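Subject: Structure handover

Hello,

Here is the structure I promised to pass on. Please open it first, then read my notes below.

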Amino acid sequence: MFENILLAVDGSEHSLHAARVASALAQAMKSQTLRIVVAFEPIPVHLGEPFMQETINARLREAEAIAQEAVETVGTISAEIQTETLEGNPAEVILEVAKTQNSNVIVMGSRGLGKLAGLLLGSTGQKVVSHAPCPVLIVR
Ligand SMILES: Nc1ncnc2c1ncn2[C@@H]1O[C@H](COP(=O)(O)OP(=O)(O)OP(=O)(O)O)[C@@H](O)[C@H]1O
Ligand SMILES: [Mg+2]
């Protein structure tokens, strides 16, 4: 059980806390793979060249930096760590990766970068919990 763990991160402190829990879970369950997923928002097509490509590159670099920070937070574990930075709606990206990679559990924070104070569970978390093909561990 829990051979393949999917860890979703958006760079928030909540998601890095989820990274520490995912790391401990991977060690305890002797997992094979811990896949770190960072989604970045699609770029509006009306932007036009050359801004379009510049914006994509900037968002990709930002997403890769977030993934790298998560790798460092996870630390040294026996599972293989993989990172994926993908364009699209965060919940849809997370669900798609969970399905195609046969993830056994999705680990994510209860909140993210969203600014709405008082929210107990963010919209990405709500959507993933509602449609996930596997158990979801919401960390708070
Ligand atoms: N772009 C993303 N890529 C990967 N994982 C994400 C992304 N956005 C959110 N998550 C995951 O979902 C968790 C909950 O974030 P969520 O977006 O639901 O809350 P929020 O940002 O506070 O609220 P909202 O986005 O609805 O304003 C995060 O801790 C993270 O694990
Ligand atoms: Mg969010």
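Helices (H or I, at least four residues) and strands (E, at least two) are DSSP runs, numbered from the N terminus. This is a predicted model, in which local features need pLDDT of at least 70, side-chain atom pairs count only at pLDDT 80 or more, and totals for chains, interfaces and linings use all residues. Residues are numbered from 1 along each chain as its sequence is written, while chains are lettered from A and ligands numbered from 1 in the order in which they are written.

Two loop residues to start with. N102 sits in the loop between helix 3 and strand 4. Its phi is near 50 degrees, a positive value in a residue other than glycine. K30 lies in the loop between helix 1 and strand 2. Phi of K30 is also near 50 degrees, again positive and again not in a glycine. Why mention this? Most residues other than glycine have a negative phi. N102 counts as exposed because it has 12 C-beta neighbours inside 10 Å. K30 counts as exposed with 12 such neighbours inside 10 Å. The cut-offs: buried means 20 or more other C-beta atoms within 10 Å of a residue's own, exposed means 12 or fewer, and partly exposed is in between, with C-beta atoms placed from the backbone.

Strands pair if DSSP finds at least two bridges between them. Strand 2 and strand 3 (residues 80–87) are parallel, over 8 bridges. There, F40 stands opposite E87 in strand 3. Strand 1 (residues 4–8) runs parallel to strand 4, joined by 3 bridges. L6 is opposite I106 in strand 4.

Next, the helices. Strand 2, helix 2 (residues 51–74) and strand 3 form a right-handed β-α-β unit. Right-handed means that, with the strands pointing away from the viewer, the path from the first strand over the helix to the second runs clockwise. Contact between two residues means C-beta atoms, placed from the backbone, within 7 Å.

V107 is in strand 4. V107 is buried, with 27 other C-beta atoms within 10 Å. Leaving out residues up to four places away in sequence, V107 touches several residues, including I5, L7, A18, L25 and V139. A39 is in strand 2. A39 is buried too, with 24 other C-beta atoms within 10 Å. With the sequence limit of four places applied, A39 touches L86, G88, P90, V93 and I94.

Last, the ligand. Which residues are closest to ligand 1? They are G109, G112, G114, G122 and S123, out of 23 that surround ligand 1. A residue is near a molecule if its C-beta atom, placed from the backbone, lies within 6 Å of it. Helix 1 (13–28), strand 2 (33–40), strand 4 (105–109) and helix 4 (123–131) each supply at least two residues of this shell.

Best wishes
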